[in-house]
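Let's take a walk through this one together. Have the viewer open and follow along.

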Amino acid sequence: MSEGTEEAVPGYRYTAQLANGIEKRWQDYWESNGTYHAPNPVGPLKGDVPEDKLFVQDMFPYPSGAGLHVGHPLGYIGTDVFARYHRMNGRNVLHTMGFDAFGLPAEQYAVRTGQHPRKTTEDNIANYLRQLRALGLGHDDRRRIATIDPGYYRWTQWIFLQIFNSWYDTRIRKARPIDELVAEFASGERATPNGHMWDDLTPAEREDVLREYRLAYLSDAPVNWVPGLGTVISNEEVTADGKSERGNFPVFRKNLRQWMMRITAYADRLIDDLDRLDWPEKVKSMQRNWIGRSHGARITFTVGNEGIEVFTTRPDTVFGATYVVVAPEHPLVDAIATERWPSTVDKRWTGGADTPAEAIAAYRLAASMKSELDRQENKEKTGVFTGAFAENPVNGKKIPVFVADYVLMGYGTGAIMAVPGQDQRDWDFAKMFGLDIIRTVQPTEGFEGEAFTGEGPAINSGFLDGMDVDEAKKTIIAWLEEHGCGRGTIQYKLRDWLFSRQRYWGEPFPIVYDEHGTAIAVPEEMLPVELPEVDDYSPRTYDPMDADTEPLPPLSRADDWVEVELDLGEGKKTYRRDTNTMPNWAGSCWYQLRYVDPTDTERFCEPENEQYWLGPRPAEHGANDPGGVDLYIGGVEHAVLHLLYARFWQKVLFDLGHVSGDEPYRRLFNQGYVQAYAYKDSRDVFVPAEEVEERDGKFFWNGEEVFRQYGKMGKTERNVVTPDEMCERYGADTFRFYEMSMGPMDVSRPWATKDVIGAHRFLQRLWRNVIDEDTGAVVVTDAQPDEETLRALHKAIAGVHEDYANLRYNTAGAKLIELNNHLTKHYGPGKSPRAVVEPMVLMLAPLCPHVAEELWTKLGHEGSLAHGPFPAADERYLVDDTVEYPIQVNGKVRARITVPADASREQVHDLAMADDKVTALINGATPKKVIVVPGRLVNIVL
RNA sequence: GCCCCCGUAGCCCAACAGGCAGAGGCGAGCCCCUUAAAAGGGUUUGAGUGCCGGUUCGAAUCCGGUCGGGGGCACCA
């Protein structure tokens with residue numbers, strides 16, 4: 001490179017190099033001055049706290065080895081801009097970021113390399129912190145946490161014990177300490193399940209009773225076992241096609257003793273409280289859907305000496321039940337199946353078998369071999385007759401009982417009454433097997449479909465005839481209850497949360513087992529139960545298809561750790577530790593509470609601090625305010641996992657009196673994704689996106705045509721762009737400005753490196769309006785800005801205020817560009833009035849904090865602008881003296897008039913009618929109508 | 001199959017509560033600076049809002065339908 005190249009660029013031009021210097025300097029300044037430290041009311045972080053506070057939170061990241069790409073910081077910068085804006089307006093703003101650092105990738109990396117997962121994870125965190133710092137995020141670094149820190153997971157374990165040691169009192173719809181339940185049993189106020197006196201039960205027997213109540217409990221129910229991963233997973237982690245979300249392995253239902261969380265106890269509150277949250281409708285509806293509350297009835301159909309209880313959401317259609325279906329796994333199937341077929345049996349019903357027992361056995365076998373996917377893809381109805389008939393309790397009609405796999409054992413009672421007239425699935429089955437169809441709801445006029453699921457009057461339904469669906473439901477439920485053959489009930493899709501995993505890199509359970517295998521809580525003062533050092537981090541994994549395998553957790557091999565001598569009140573005894581670990585979600589269920597009081601060693605969070613930052617504020621947010629983080633930004637992918645679990649924990653803690661609000665996140669916002677183009681060659685292999693050239697709408701790499709696709713940014717796709725590169729090429733402020741100006745926060749958009757230059761040029765132009773590029777001197781004038789400029793300034797202030805407050809950073813940025821362009825055009829470089837430049841710099845600060853700080857200092861101000869002032873708009877300059885009205889004639893603009901802003905409607909009308917072009921068009925006729933919209937336009941209708 | 005969101009200039013996006021379709025950026029054209037170049041400056045250019053219909057004095061905006069894209073759920077009784 002020749003020396004001449006350098007000469008061309010003025011010494012004080014805002015180049016990437018200059019920006020990088022400024023950025024580094026301000027990052028150091030902020031750090032050493034604790035600029036973003038937010039004081040707490042009490043405790044180690046105590047300080048003067050203004051009443052006006054704001055808690056902004058990002059969904060914290062898992063620190064992956066790949067580091068951040070340009071998509072990740074979109075939300076982080078978004079929260080930062082919001083936080084900075086409010087901080088400049090005088091609020092006490094809590095904004096920080098920690099790490100959700102337990103998890104599979106670190107463990108798998110450890111398995112491959114023998115490197116301790118803590119080492120890899122901490123290295124990755126260090127790299128993340130370096131990247132985050134370079135972006136100039138205004139985090140309170142005293143509040144950083146990582147879920148893997150023993151000082152953090154001590155409290156995760158503590159909360160687990162709170163949940164373990166409590167039960168849900170359905171009478172008051174609230175969790176209570178388990179001791180209070182024990183007291184009820186002991187006093188006889190509540191009877192034990194087998195009728196024995198509480199005092200007569202052994203400790204193990206008592207524990208068996210309590211297990212049915214505890215909100216965290218051991219269960220032997222069927223769970224999702226993934227041999228390919230060597231662990232069990234929760235329902236929420238199983239994809240729609242029955243695979244594991246991670247690894248995409250087959251999932252098998254298997255009975256295993258596992259930890260469960262009784263989240264179902266909270267189903268109603270989790271649904272009902274959604275109405276009190278300022279969340280995207282989409283997320284709310286996903287949660288409603290997942291919890292799946294449906295109102296209906298359970299009705300008993302007698303079959304010989306047995307009674308089959310069915311669940312239905314349409315008890316009003318019971319007169320139209322023409323058969324009953326039970327799931328293949330239903331426990332009553334064998335009891336009700338008859339010895340042989342009735343003589344008149346329909347051939348289609350027998351599955352070709354000689355007896356019902358044979359038919360059922362063959363059908364069950366076939367059903368069990370079907371994968372989840374088969375069941376879903378092949379919706380052709382199948383089933384066999386049991387030989388038995390059930391009696392419909394409302395009319396005594398005998399109807400056949402079938403076994404069919406379109407009824408699932410896991411939902412409702414595993415049995416249904418089939419009403420083909422009003423249910424399409426039943427219709428399909430009835431057609432296939434030649435069963436009766438009775439309509440019990442009058443279809444609407446002209447209805448041509450099969451099953452009718454709409455509203456209408458009841459028909460063929462005895463005493464229900466003529467009633468609408470709602471009334472018929474109420475009436476029949478009352479009838480059923482009166483006659484003792486059914487009752488109204490509510491059914492949920494939500495299942496209890498499977499809470500244990502067979503992994504190494506997670507929180508150990510603070511539980512030990514005595515010689516009877518009874519689970520005992522580790523006393524609080526012995527927390528945290530730390531992870532032991534092991535030689536082998538891997539769980540035993542198996543052939544992904546091999547369902548007949550058992551989980552073998554890595555911790556179970558740490559013999560010295562598993563066996564532990566403790567004195568738990570009975571003298572020193574040997575106990576065995578629980579060898580499972582908690583799922584990845586545990587640490588993120590409560591981290592907002594720890595951000596509030598990160599260094600507290602006595603409690604997970606002091607009540608004063610919790611109330612200040614997270615407590616309900618009815619005065620501000622209405623009487624129903626649940627409290628919680630003021631703004632929580634993250635992707636929509638956690639809609640039913642993290643966000644449901646966190647709400648559940650919060651409610652338990654609230655019930656037990658540990659927190660003052662019953663929701664963790666008052667306002668949720670889903671940011672969009674930054675996506676990118678990727679290119680594949682003719683062999684379907686990705687090529688480096690950066691090296692692809694576009695010619696005439698086609699794409700080429702190394703002279704060969706390649707094909708473009710749009711999607712996520714990733715290593716595999718070879719299209720990753722990192723913030724590091726952007727900072728190096730343009731500086732962090734340019735990167736921030738560009739990323740925020742790509743579009744509104746909630747919209748996904750394609751990354752376009754070539755567009756970044758626009759943001760950079762803007763900052764260069766703005767810089768040039770303040771600083772002489774050759775000398776570095778400040779060049780603003782002290783002249784009074786003219787009227788027009790003041791109007792432009794105050795209009796910008798008003799607009800930018802509103803845009804920042806509503807997360808419309810793209811338009812805020814545009815207004816700043818507009819204002820700067822006005823200065824350039826109006827005054828020329830270096831001649832802008834200080835009175836306009838200063839507020840402009842302040843308004844720029846939330847988006848581009850480094851360059852704003854630098855200019856603010858150069859303009860002669862001491863210290864940081866992080867805490868304001870933020871300019872306020874002067875109303876006087878927001879209204880114009882005159883307004884230009886377009887005059888429409890029959891909706892088309894034909895003329896324009898300029899009138900004083902305070903002209904009355906009549907004056908505008910008269911002036912418009914007097915306009916030459918208008919009079920020419922009207923040509924003496926009387927208009928039918930003249931519409932004057934004040935401040936907008938005039939429309940003359942001829 | 002059911003439910004939700006989105007379609008504005010070559011591209012990314014604006015347009016308050018129906019009122020002149022354009023704020024901003026990229027690109028493109030032209031000019032200036034430059035030996036040259038561009039991560040410099042200036043200036044110009046742009047679509048009638050996917051499509052059809054309705055309501056209205058007036059529709060990108062409201063309503064109905066349709067096409068295209070994205071997402072969620074999916075035999076949940």
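This is a predicted model: local features need pLDDT of at least 70, side-chain atom pairs count only at pLDDT 80 or more; totals for chains, interfaces and linings use all residues.

Residues are numbered from 1 along each chain as its sequence is written, chains are lettered from A and ligands numbered from 1 in the order in which they are written, and side-chain values use heavy atoms, with hydrogens and water left out.

Now find RNA strand B. Around it sit 55 residues, of which Thr-313, Arg-425, Pro-744, Arg-761 and Arg-936 come nearest; a residue is near a strand if one of its heavy atoms lies within 4 Å of it.

Zoom in on some polar contacts (pairs of N or O atoms within 3.5 Å). A polar side-chain atom of Arg-761 is 2.4 Å from a phosphate oxygen of RNA strand B. An N or O atom in the side chain of Tyr-411 lies 2.6 Å from a phosphate oxygen. Met-742 uses a polar backbone atom instead, 3.0 Å from a sugar or linking oxygen.

Which helix gives the most to the surface near RNA strand B? That's helix 25 (residues 809-827), with 7 residues. Helices are DSSP runs (H or I, at least four residues) and strands are too (E, at least two), numbered from the N terminus.

Next, look at helix 25 beside helix 23 (residues 756-768): their axes come within 10 Å and cross at roughly 40 degrees. Axes are lines fitted to C-alpha atoms over the stretch in contact, with angles from 0 to 180 degrees between N-to-C directions. Phe-762, Arg-765 and Leu-766 in helix 23 meet Leu-816, Ile-817, Asn-820 and Asn-821 in helix 25, contact meaning heavy atoms within 4.5 Å. By class, that's 4 nonpolar, 2 polar and 1 charged residues.

Lastly, the backbone. A cis peptide bond, omega about 0 degrees, joins Leu-527 and Pro-528, and Pro-528 is in the loop between strand 19 (519-521) and helix 16 (559-562). The bond from Gly-868 to Pro-869 is also cis, with omega near 10 degrees.

Notes. A polar contact is a pair of N or O atoms within 3.5 Å; within protein, one must be able to donate a hydrogen and the other to accept it, and residues adjacent in sequence count only if both atoms are side-chain atoms. Ala, Val, Leu, Ile, Met, Phe, Trp, Tyr, Cys and Pro count as nonpolar, Asp, Glu, Lys and Arg as charged, and the others, Gly among them, as polar.
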